[in-house]
Amino acid sequence: MNTAFWYASRATGIVALLLLTAVLVLGILVNRQGRLPGLPRFAVTDLHRNLSLLSVAFIVIHVLTAVLDTYVHIPLISAVIPFTSGYERLWLGLGAVSLDIMLAMIVTSLLRGRLNRILWRAIHLLAYASWPVAFVHCIGSSTDLQQGWMLGLAVGCAMIIAAAVVWRLAHAARQVPRAGRVAAVFSRHTVTR
Amino acid sequence: MTTALNMPVPHESAPGGAARQAAGLPRLLPAAPEDLRAHLARYGPTPYRGQPGALVADVETSGLTGRGGAAFPVYRKLAAVARAGARQGRTVVVANGAESEPASRKDECLLRVAPNLVLDGLQLAAETVGATEVHLYLHRAPGPEILRALAERGVRGLDRLAVTITQAPPRFLAGQETAVVNRLGGGPALPTFQPPRVSERGLGSAPTLIQNAETLAHLALIARYGPRWFRAVGTATEPGSMLTTIYRPRARPLVVEAEIGTPLRTLLGDGDGDGAGGPGAQAWLVGGYHGTWLPLRDAAGITLDNASLRRFGAAAGAGVLAALPSDRCGLAEVARVVGYLAAESAGQCGPCLNGLPRIAAGLAELAGRGHRRQTRADLERWSGLVEGRGACHHPDGTVRFVRSALTVFGPEIHRHARGQCSATDRAPFLPLPQGMPTSEEDWT
Amino acid sequence: MAETLRVNPITCAGHGVCAELLPELVTLDEWGYPIVDPGPVPPALDRGARRAVAGCPALALKLLRS
């Protein structure tokens with residue numbers, strides 16, 4: 001029974017990593033008003049939202065199965081309070097940090113209409129911290145991911161994220177500040193005769 | 001003619017002579033600038049009522065409306081802010097002297113020759129809404145007359161609340177209510193989306209009363225002489241007098257205090273030449289750069305009141321009145337002004353940001369020699385797309401200016417399409433500042 | 001109790017999700033910004049309107065009591 005929990009925890013952990021990679025990429029796609037080929041715009045936003053909730057569901061199972069597995073002792077609370085587990089304190093602690101950020105993001109997004117826009121955005125930007133922390137948790141706490149095709153999978157996810165973030169930063173660098181926007185439109189439309 | 005924008009604009013009260021006496025003017029503008037001693041000799045001390053709310057009924061009876069352009073009934077603003085303030089415990093009053101309309105010089109003139117009337121009005125408005133904080137928002141650095149007035153009032157203890165002076169950036173939108181609140185709060189003078197209105201939540205989230213400087217001067221007189229005195233001039237539905245800035249051919253701009261209901265011909269002339277070989281007028285602009293162009297043939301019976309002007313789709317606004325000389329090109333003037341208005345967009349709202357520069361470019365094309373057939377249809381379509389779709393009324397006012405221009409200068413558009421232009425004088429007539437805002441500092 | 005849709009033109013970035021979810025009341029102009037029907041929202045479209053409000057990535061669309 002224990003082994004089943006252990007395998008389940010590792011499997012759901014990997015799936016969660018893949019889902020979170022998709023969620024972050026989709027989040028960047030929403031911000032950039034990008035499209036998924038053949039799908040309407042609301043598909044990008046809906047997919048981003050739904051996959052984020054699915055990721056958390058997988059993480060919940062990932063945590064519960066790890067706790068229920070009696071081979072090592074992991075208190076349930078250490079899933080949300082970082083660095084409180086006896087087993088692999090550092091790596092699991094990072095997982096808790098990442099999960100805490102995700103929970104804050106989800107709660108603030110559910111209450112979005114009532115919240116200050118700047119506060120919502122500040123918390124949502126923590127996604128860029130949450131993913132790398134989760135990634136380090138994955139590599140550090142799982143020998144699976146440190147070799148073979150699983151390492152390849154993890155590295156692949158990291159490269160996709162890196163490319164998406166570079167894309168996002170490139171856009172931010174090119175963005176005309178508000179005070180210059182009108183001049184930019186003018187320069188595209190001045191008639192020269 | 002280049003208007004020396006930095007020189008004080010002369011003023012008078014219209015019409016002159018016996019008619020002036022009969023009309024009970026001047027009210028606001030003394031013949032020469034008055035210091036505090038002269039002000040007190042003429043008007044006495046600031047007539048505080050002793051309790052909040054006491055002035056509102058008099059202001060309501062007087063029928064005073066805002067003189068900043070929107071003509072909103074003043075008593076309703078006072079009552080709204082007082083009510084919101086009673087719930088919240090704090091209110092703020094701002095005297096708006098930003099006068100962001102480049103062609104308007106009336107507030108600058110008033111603040112130079114009769115600053116104590118404005119400052120009286122500010123304190124009286126503050127008392128009546130229960131304010132704890134008052135501000136004076138100015139177009140440029142405070143002139144010596146204002147500083148002297150404040151210092152002298154301080155010595156005499158006339159001001160119950162200390163006045164904080166803030167300079168507005170030289171932006172067309174700097175005098176817009178939400179932009180005022182943002183600027184006074186330390187940020188850029190950019191409009192924000194309403195609701196909530198500033199009378200509910202403004203500076204520091206407190207209910208904020210923002211009144212044009214001239215409005216406060218009228219308030220200061222109503223507090224002394226009462227509403228019936230105020231209604232002794234003007235029309236039954238739009239009582240009182242108002243300050244106008246007048247532009248006529250071959251004349252310097254002039255600030256004129258006029259009774260509401262004065263025929264525009266009295267202020268702008270009848271369009272014929274001045275008899276000395278000077279040009280007559282080809283069209284009238286009423287209400288400034290968010291105002292309306294009127295053809296002279298309609299203009300004969302129009303009077304300076306919104307009931308009359310509304311029939312022609314116009315409104316008095318902040319009182320800018322211009323008679324465009326016959327020897328200028330109306331299309332060139334309009335293209336220049338709309339180029340300015342487009343450059344002054346806050347750039348925050350998609351439709352305005354995209355539409356106004358395109359409209360300006362289209363008008364520049366019409367003002368040139370020959371234009372594409374598509375341009376007129378484009379201008380109509382873009383006008384329809386920007387109207388009502390910004391956070392503030394900048395696109396709406398611009399569209400009103402543009403649409404009326406396309407109608408009034410229709411014949412000139414046809415001439416230009418054939419490569420001709422009826423103008424003989426290429427010098428710009430309507431005043432515009434130089435340069436366009438490019439950085440965030442230009443808005444603070 | 002009538003409700004109307006209003007867009008905050010400053011926070012609106014022209015994502016266009018609203019026009020996809022509620023084409024009966026929202027169309028896009030030639031620059032990608034929403035033109036919102038200013039009248040009251042018909043009861044049959046109420047759910048769709050709420051979905052459009054929730055779907056805006058910039059939270060620029062609001063349903064106001066009038």
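Reader: How many residues does the contact take from chain C, and how many from chain A?

Author: In this predicted model, chain C gives eight residues to the contact and chain A gives nine. A residue is counted here because its C-beta atom, placed from the backbone, lies within 7 Å of one in the other chain.

Reader: Which element of chain C provides the largest share of the side that touches chain A?

Author: That share comes from helix H1 of chain C, residues 17-21, with three residues. By class, the side of chain C that touches chain A holds four nonpolar residues, three polar ones and one charged residue.

Reader: How many residues of chain B are in contact with chain A, and which elements give two or more of them?

Author: On the chain B side there are 20 residues, in contact with 13 residues of chain A. Helix H14 (330-343) and helix H15 (350-367) of chain B are the elements that give two or more residues to that side. The largest share, seven residues, belongs to H15(B). The residues of this side of chain B divide into nine nonpolar, seven polar and four charged.

Reader: What makes strands E4 and E5 of chain B edge strands?

Author: The open sheet of chain B has four strands in the order E4-E3-E2-E5, with parallel pairing. Strand E4 (163-167) and strand E5 (208-212) of chain B each pair on one side only, and they are the edge strands. On average, neighbouring strands of this sheet are turned by 20° against each other, direction ignored.

Reader: Which helix packs on this sheet, and what angle does its direction make with that of E2(B)?

Author: Helix H6 of chain B, residues 115-129, packs on the sheet and touches strand E2 (92-97), E3, E4 and E5 of chain B. The direction of H6 makes about 155° with that of E2(B).

Reader: How do you know that strand E3 of chain B pairs with E4(B)?

Author: Five bridges join strand E3 (residues 133-138) of chain B to E4(B); at least two are required, and therefore the two strands count as paired. Val134(B) stands opposite Val163(B) in E4(B). His135(B) has Thr164(B) of E4(B) as its bridge partner.

Reader: Why is the β-α-β crossover from E3(B) to E4(B) given the hand that it has?

Author: The chain passes from E3(B) through helix H7 of chain B, residues 144-156, to E4(B), and the crossover is right-handed. It is so called because, with the strands pointing away from the viewer, the path from the first strand over the helix to the second runs clockwise.

Definitions and conventions. Residues are numbered from 1 along each chain as its sequence is written. Chains are lettered from A and ligands numbered from 1 in the order in which they are written. This is a predicted model: local features need pLDDT of at least 70, side-chain atom pairs count only at pLDDT 80 or more; totals for chains, interfaces and linings use all residues. Ala, Val, Leu, Ile, Met, Phe, Trp, Tyr, Cys and Pro count as nonpolar, Asp, Glu, Lys and Arg as charged, and the others, Gly among them, as polar. Axes are lines fitted to C-alpha atoms, for helices over the stretch in contact, and angles run from 0 to 180 degrees between N-to-C directions.
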